[in-house]
Amino acid sequence: MPIYSSDSDNETTPRTKLFGRQRPIRSVLGGGQVADVLLWQNKKVSATLSVGMTVLWLLFEVAEYNLVTLFSHISIAAMLIVFIWFTTADFFNWNHPELPTSILDKSTFQELAFTLHGRSNEVLSKFMDIARGREPALFFMTIFFLYILSVIGNYFTFLNFLYLCFVCLQTLPFLYNKYEEEVDKYAGKLIRRAKKMFKSFDSNVLNKIPRGPVKQKKTR
């Protein structure tokens with residue numbers, strides 16, 4: 001009869017980071033302005049981005065605004081504000097206000113594109129590793145997660161799904177960075193239990209499936 005060690009026995013084993021990562025979470029996220037926004041280290045930009053995305057979601061999903069209509073109304077309002085501003089300055093002989101010619105500098109876009117490119121390659125590489133079945137427990141957990149995701153997707157519109165992903169990006173990295181030790185501890189327990197369950201399934205079910213004899217290749 002196999003004897004499985006309890007969770008208390010596993011406390012003596014070295015604790016690994018979530019997903020087996022070796023680098024800190026800030027380095028995983030790119031280590032630049034993008035990481036500052038996702039980890040809320042630049043609170044002004046993070047809060048502005050969150051409020052802006054929430055307002056857009058409310059306008060499109062709740063108020064059912066059309067994209068072209070919203071863009072036209074915002075453009076009209078902006079033109080009227082600038083016109084009134086400059087007209088009032090001319091009437092009272094005030095100096096004309098200086099309008100910004102750009103919102104974000106070129107380096108910010110380059111850093112964002114570089115970060116997205118690097119993360120996309122890492123995700124694709126990890127996905128291919130999992131698909132090869134080198135870690136069976138992780139393979140079946142990924143399939144189960146994707147199935148749950150497909151079921152959840154039936155109850156969300158594409159816009160709601162994008163907003164949900166945005167909320168997760170704005171909250172999960174920040175919460176994980178704040179409670180990293182606790183998350184790694186409980187995630188490690190769950191992964192160890194999943195591996196035990198798979199080993200039991202492998203020994204009691206998969207290994208008992210009859211297999212045909214392996215044919216050896218003839219050597220010339």
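Me: Which residues of α7 meet which residues of α8?

Reply: In this predicted model, Y176, N177 and K178 of α7 meet E180, V183 and D184 of α8. Sorted by class, that contact has 2 nonpolar, 1 polar and 3 charged residues.

Me: How are two packed helices described?

Reply: The description uses two quantities, namely the angle between the helix axes and the distance between those axes. In the present case, the axes of α7 and α8 are 5 Å apart, and the helices pack at an angle of about 95°. Angles of 65 to 115 degrees count as roughly perpendicular, and α7 and α8 are therefore roughly perpendicular to each other.

Me: At what angle do the axes of α6 and α8 cross, and within what distance do they come?

Reply: The axis of α6, residues 136–153, and that of α8, residues 180–204, come within 9 Å of each other and cross at roughly 105°. The pair α6 and α8 is therefore also described as roughly perpendicular. On the α6 side, the contact is made by P136, A137, F140 and M141, and on the α8 side by A194, K195 and F198. By class, this contact comprises 6 nonpolar residues, no polar residue and 1 charged residue.

Me: Where in the structure is K178, and is K178 buried or exposed?

Reply: K178 belongs to helix α7, which covers residues 158–178. A residue over 50% relative accessible area counts as exposed, so K178, at 54%, is exposed.

Me: How many salt bridges does a search of the whole structure find?

Reply: The search of the whole structure finds 1 salt bridge. To read such a pair, one looks for a side-chain nitrogen of Lys or Arg within 4 Å of a carboxyl oxygen of Asp or Glu. Here the partners are D129 and R132, whose closest N and O atoms are 3.9 Å apart. D129 is partly exposed, with a relative accessible area of 31%, whereas R132 is exposed at 54%.

Me: Which residues does UniProt list for "transmembrane region"?

Reply: The UniProt entry, which is unreviewed, lists residues 65–86 and 136–152 under that term. Such a record can be set beside the model by examining the coordinates of each span. Residues 65–86 are 91% helix and 0% strand, and the end C-alpha atoms of this span lie 30 Å apart. Residues 136–152 are 100% helix and 0% strand, with their end C-alpha atoms 24 Å apart.

Technical notes:
Residues numbered from 1 in each chain as written. Predicted model: local features only at pLDDT ≥ 70, side-chain atom pairs only at ≥ 80, totals over all residues. Heavy atoms only, no water. UniProt positions renumbered as here; feature names shortened; annotations may be inferred. Helix = DSSP H or I, 4+ residues; strand = E, 2+ residues; numbered from the N terminus. Axes fitted to C-alpha atoms, helices over the stretch in contact; angles between N-to-C directions. Parallel < 35°, antiparallel > 145°, perpendicular 65-115°, else oblique. Contact = heavy atoms within 4.5 Å. Nonpolar A, V, L, I, M, F, W, Y, C, P; charged D, E, K, R; others polar. Buried < 20%, exposed > 50% of the residue type's maximum accessible area, 1.4 Å probe, protein only.
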